[in-house]
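Here are a few friendly notes to read alongside the model. Please keep the structure open as you go through the numbered points.

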Amino acid sequence: MTIYNEPEYAEWPRLTERFRRDDEQITEQVAAIIDEVRCGGDKALRDITRRIEGRDCCAFEITAGERRAAAAEVSAELKEAIATAKANIEAFHRAQLTEEVVVETMPGVRCIQKAVPIGRVGLYIPGGKAPLLSTVLMLAIPARIAGCRETILCSPASAAGCIAPEIIYAADVCGVDRIFAIGGAQAIAAMAYGSESIPRVDKIFGPGNRYVTRAKQLVGAETTAIDMPAGPSEVLVLADDEASADFAAADMLSQAEHGGDSQAILVCASQRFALDVQQAIGRQAERLGRREIIAEALSHSRAVIFADRGKRLAFAEAYAPEHLIISMRDPWEAAGKITAAGSVFIGQWSPESAGDYASGTNHTLPTGGWARSYSGVNTSSFMRKITYQELSREGLGLLAPTITAMAETEGLTAHAEAVRIRLENDRS
């Protein structure tokens with residue numbers, strides 16, 4: 001991990017860059033898969049599964065019997081952990097529901113905004129070596145609270161054609177309607193366009209590898225809404241010399257183990273602290289699994305030193321991290337100066353792991369600097385807002401001069417006439 005001591009402001013754009021692989025070939029492959037599924041439906045999904053995964057599949061949907069059997073494979077300890085996390089996530093996301101907005105903007109002119117649920121949503125849950133059961137909770141719980149009519153879930157199958165029982169159990173307890181054993185770009189295409197087995201959805205949620213991410217971006221530009229632009233996961237740890245180097249190292253390692261293209265940034269107050277964290281990372285990494293992944297992630301991670309607290313905060317704001325951990329004096333004062341972050345962890349007892357699993361906040365967050373303009377997933381992500389207006393005769397009369405003046409200035413005379421014809425033919 002490279003250490004940069006008091007870099008000039010001109011260097012900040014380079015130091016806030018994310019690690020990116022060349023994805024031109026992936027874009028071509030994903031576009032071909034999407035087109036194949038769009039045109040070929042279930043047959044295409046079976047052909048792609050055979051070609052990419054080397055297995056045949058007869059049916060994609062997990063049956064009710066398979067769902068019951070999966071529950072029996074989950075330990076009582078994990079079921080209890082899921083129940084606790086579910087309760088916290090539910091409590092926080094239920095509190096996000098908003099009241100209907102009704103405003104009389106002027107006499108006889110009433111405007112209303114009402115939130116309504118998205119009809120059918122699709123959740124993508126990565127499987128592979130690390131089945132992300134926590135992401136099931138983070139997506140399925142707010143979907144149910146929002147009142148979505150139907151929730152479907154796609155997750156990659158093993159060589160035996162099975163989904164991890166923990167994912168199936170979490171989906172069951174969170175009220176997911178249908179579960180499909182299919183992953184990759186082909187799963188995103190199936191949810192975007194529909195097939196004989198998998199219904200088309202109105203919005204797609206969830207993380208994934210580069211193929212899944214690119215597939216979401218491509219269908220999001222054409223046919224189906226997606227949760228947000230997303231890429232490799234990241235954390236920025238803000239620390240002063242009173243912070244714990246061991247805690248900072250642990251937070252950086254917990255992010256680095258997500259994937260080789262993840263990024264962990266330390267912004268601290270002194271060279272001594274940066275070196276202490278670097279040594280702590282070395283010690284702690286020896287006890288962890290996924291060491292090769294961690295090493296790759298750390299190779300494009302960095303430590304940046306600013307003695308001045310204001311510069312540390314400004315650099316964090318420029319980076320706009322997915323996860324921001326503040327381990328400094330007066331952390332809430334520091335947090336108040338941050339406007340670009342996906343989720344903020346305040347103080348030394350708030351590890352990123354808490355938000356990833358069970359504190360109640362959502363862990364599906366904007367990456368790659370998108371925290372400047374996107375929120376993380378929340379209950380509103382599963383809803384859309386409709387506006388209504390009702391004008392009385394009096395209200396339209398009061399508003400008519402404004403409407404006609406603006407419409408005629410824009411050359412849209414039919415707009416003006418739609419007002420005049422009502423007032424000139426008043427039958428009330």
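1. Which residue forms a salt bridge with arginine 283? The partner is aspartate 246, and the closest N and O atoms are 3.1 Å apart. A salt bridge here is a side-chain nitrogen of Lys or Arg within 4 Å of a carboxyl oxygen of Asp or Glu. Arginine 283 lies in helix H10 and aspartate 246 in helix H9, so the pair ties together parts that are 37 residues apart in sequence. Helices are DSSP runs (H or I, at least four residues), numbered from the N terminus.

2. A word on the source: this is a predicted model, in which local features need pLDDT of at least 70 and side-chain atom pairs count only at pLDDT 80 or more, while totals for chains, interfaces and linings use all residues. Residues are numbered from 1 along each chain as its sequence is written, and side-chain values use heavy atoms, with hydrogens and water left out.

3. Back to that first pair, to see how open its two ends are. Arginine 283 is partly exposed at 48% relative accessibility, and aspartate 246 is partly exposed too, with 39%. The cut-offs are these: buried means under 20% relative accessible area, exposed over 50%, and partly exposed in between (1.4 Å probe, protein chains only).

4. Another salt bridge joins aspartate 172 and arginine 67, at 2.7 Å from N to O. This pair links distant parts of the chain, with aspartate 172 in helix H6 (residues 165-173) and arginine 67 in helix H3 (residues 64-73), 105 residues apart. Arginine 67 is buried at 10% relative accessible area, whereas aspartate 172 is partly exposed at 31%.

5. Do look at arginine 55 as well: its salt bridge with glutamate 53 has the closest N and O atoms 2.8 Å apart. Arginine 55 counts as buried, at 11% relative accessibility, while glutamate 53 is partly exposed at 31%.

6. How many salt bridges does the structure hold? There are 24. Lys43, Asp47, Arg50 and Asp56 are linked by such bridges into a network.

7. Finally, turn to helix H11 (residues 291-299), whose buried residues are Ile294, Ala297 and Leu298. They cover an arc of only 95° around the axis, which puts them on the same side of H11; the arc is that of the directions from the helix axis to the C-beta atoms. Glu292 and Ser299 are exposed on the other side. Helix H9 (245-256) and helix H10 (271-285) are among the elements that cover the buried residues of H11, with contact meaning heavy atoms within 4.5 Å.

Methods:
Helices (H or I, at least four residues) and strands (E, at least two) are DSSP runs, numbered from the N terminus.
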